[in-house]
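Student: I would like to learn how to read a few features of a model. Could we take them one at a time, with the general idea before the particular case?

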Amino acid sequence: MAATLYERLGGYDAIAAVVDSLMVRLGDDRRLAKYFAGHGDDSKKRLRQLQVDMICQATGGPCIYLGRDMLVVHKGLGIDGIDWQTAITHLIGVLDSFNVSDELQKEVLRLLNSIKSDVVEKP
Ligand code: HEM
């Protein structure tokens, strides 16, 4: 049987490390920081864990995502197409820093693009 995307990315710890690194970059980006302002440390930890769970599940790993629906949770934040592209550029930077191959990166981006219309309110 072909290895899942989860396995090919390196499993749980690799996915968690990517999410951790991405959250630091998003929080440090002046354009995006406003979205995470007002979240205390525990809320940020919760968000991080939900992102790990979701990506783990979506890539075929043994996790169960118990968070809210993507459309419901992002509605009202006013995320636009430039925010989306900024976040994706940070993600690519993180994946590059972990030496994830272009082929695998394409698969990850295809997966995330499938939820873009739920996250972005102002294209
Ligand atoms: C790559 C696509 C994205 C994924 C997979 C994703 C995933 C998630 C998840 C799993 C949650 C937590 C759900 C819950 O609390 O039940 C969440 C919440 C949130 N996301 Fe995203 N997200 C994405 C893109 C973005 C972008 C581009 C931004 C803004 C720059 C953003 C900002 C937020 C904020 C501020 C929350 C917290 C909302 C709240 O607690 O009210 N997300 N996201």
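Student: Which residues make up the largest nonpolar core?

Tutor: A nonpolar core is a set of buried residues of the nonpolar kind, joined through C-beta atoms within 7 Å. In this predicted model, the largest such core has 12 residues in all, namely Tyr6, Leu9, Ile15, Val18, Val19, Val52, Ile55, Cys56, Ala87, Leu91, Leu95 and Val108. At least two residues of this core come from each of α1 (5–9), α2 (11–28), α4 (41–58) and α6 (81–97).

Student: What does Tyr6 touch, leaving aside residues up to four places away in sequence?

Tutor: Tyr6, itself a member of that core, touches Gly11, Cys56, Thr59, Gly60 and Gly61.

Student: How many residues surround the ligand, and which are the closest?

Tutor: The ligand is surrounded by 19 residues, of which Tyr35, Leu50, Gly67, Arg68 and Ala87 are the closest. Two or more residues of this shell are given by each of α3 (33–36), α4, α5 (70–74) and α6, and the largest share, 4 residues, comes from α4. Sorted by class, the shell has 14 nonpolar, 3 polar and 2 charged residues.

Student: How should I read the phi of Asn99, and is Asn99 buried or exposed?

Tutor: Most residues other than glycine have a negative phi. Asn99, however, which lies in the loop between α6 and α7 (102–113), has a positive phi, near 55°. A residue counts as exposed if 12 or fewer other C-beta atoms lie within 10 Å of its own; Asn99 has 6 within that distance, and is therefore exposed.

Definitions and conventions:
Residues numbered from 1 in each chain as written. Predicted model: local features only at pLDDT ≥ 70, side-chain atom pairs only at ≥ 80, totals over all residues. Buried ≥ 20, exposed ≤ 12 C-beta atoms within 10 Å, placed from the backbone. Contact = placed C-beta atoms within 7 Å. Near = placed C-beta within 6 Å. Nonpolar A, V, L, I, M, F, W, Y, C, P; charged D, E, K, R; others polar.
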